[in-house]
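Open the model in your viewer and follow the stops below. Each one says what to select and what is there.

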Amino acid sequence: MSYQRVLLKLSGEALMGNLGYGIDPAVVAEIAQEVADIAKSGVQVAIVVGGGNIFRGMKASAAGMDRATADYIGMIATVMNAMTLQDALERIGIANRLQTAISMQEVAEPYIRRRAIRHLEKGRVVIFGAGSGNPFFTTDTTAALRAAEIDAEIIFKATKVDGIYDSDPKKNPHAHRYQSLTYNHVLTNELKVMDSTAIALCKENDIPILVFDLSVNGNIMRATKGESVGTIVGGSCEVI
């Protein structure tokens, strides 16, 4: 394996599959199996999951809800997704721990950095819920923060596209996919990879980000092996 400790960033939308809202149990089971495959190979896996399939704080805020309140509701939505993923992993025999940035002691451990690292060292998958515990920050930023805290070697941003393009491939059939990008190129051109705070955190801590298509079976394992499955942010700019 090319990596020994990775952080997988899952959007809430990834868990709903083709549904318009909520969680598709079949999709969650598929993701859990892919995580299980790399965990069984000896790779230490941490996961940050979003909550956009249940509640989007920014959308609610735009509709008039207090922004901080909307963000806290969004954090609770991420815990719902995290618990679903935890259950799917347990059903296939994968030891794991769920830690939340907001205290929910009946269902999860509080986030404690050293405890999270110890779980990883013991081979347990660690799932981080409730974002960073603070409003006004996205789960992308949480992924960058947690990756830096646990000394992850790379962030896997699993999405619905096979990488980063110079324009929208759905609108432009001639769009070119990048093989790799620098952090500065992403920030300067405002490419929608992760929010700027997350990109800046990754740049400061020298954490590469690999963007790839989650829907392709086996892509998480291929990414862990260092195969070319998407676009990596943290290198030079290369277009395929």
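**Stop one: helix H4**

Select helix H4, residues 113–121: Ala116, Ile117, His119 and Leu120 are buried there (under 20% relative accessible area with a 1.4 Å probe, protein chains only). Look down the axis of H4: the buried residues fall within an arc of 155 degrees, so they line one face of the helix. That arc is taken over the directions from the helix axis to the C-beta atoms. Helices are DSSP runs of H or I, at least four residues, and strands are runs of E, at least two, numbered from the N terminus.

This is a predicted model, where local features need pLDDT of at least 70, side-chain atom pairs count only at pLDDT 80 or more, and totals for chains, interfaces and linings use all residues. Residues are numbered from 1 along each chain as its sequence is written, and side-chain values use heavy atoms, leaving out hydrogens and water.

Now step past H4 to Gly123, whose phi is positive, near 90 degrees.

**Stop two: aromatic pairs**

The whole structure holds three aromatic pairs (ring centres of Phe, Tyr or Trp, by its six-membered ring, within 6.5 Å; planes under 30 degrees apart are stacked, over 60 edge-to-face, the rest tilted). Select Tyr111 and Phe128: the pair is edge-to-face, 5.5 Å centre to centre, with 80 degrees between the planes. Tyr111 sits in the loop between S4 and H4, and Phe128 in strand S5, 17 residues apart. Both Tyr111 and Phe128 are buried.

Next, select Phe156 and Phe212, also edge-to-face, at 5.8 Å and 80 degrees.

Technical notes
Buried means under 20% relative accessible area, exposed over 50%, partly exposed in between (1.4 Å probe, protein chains only).
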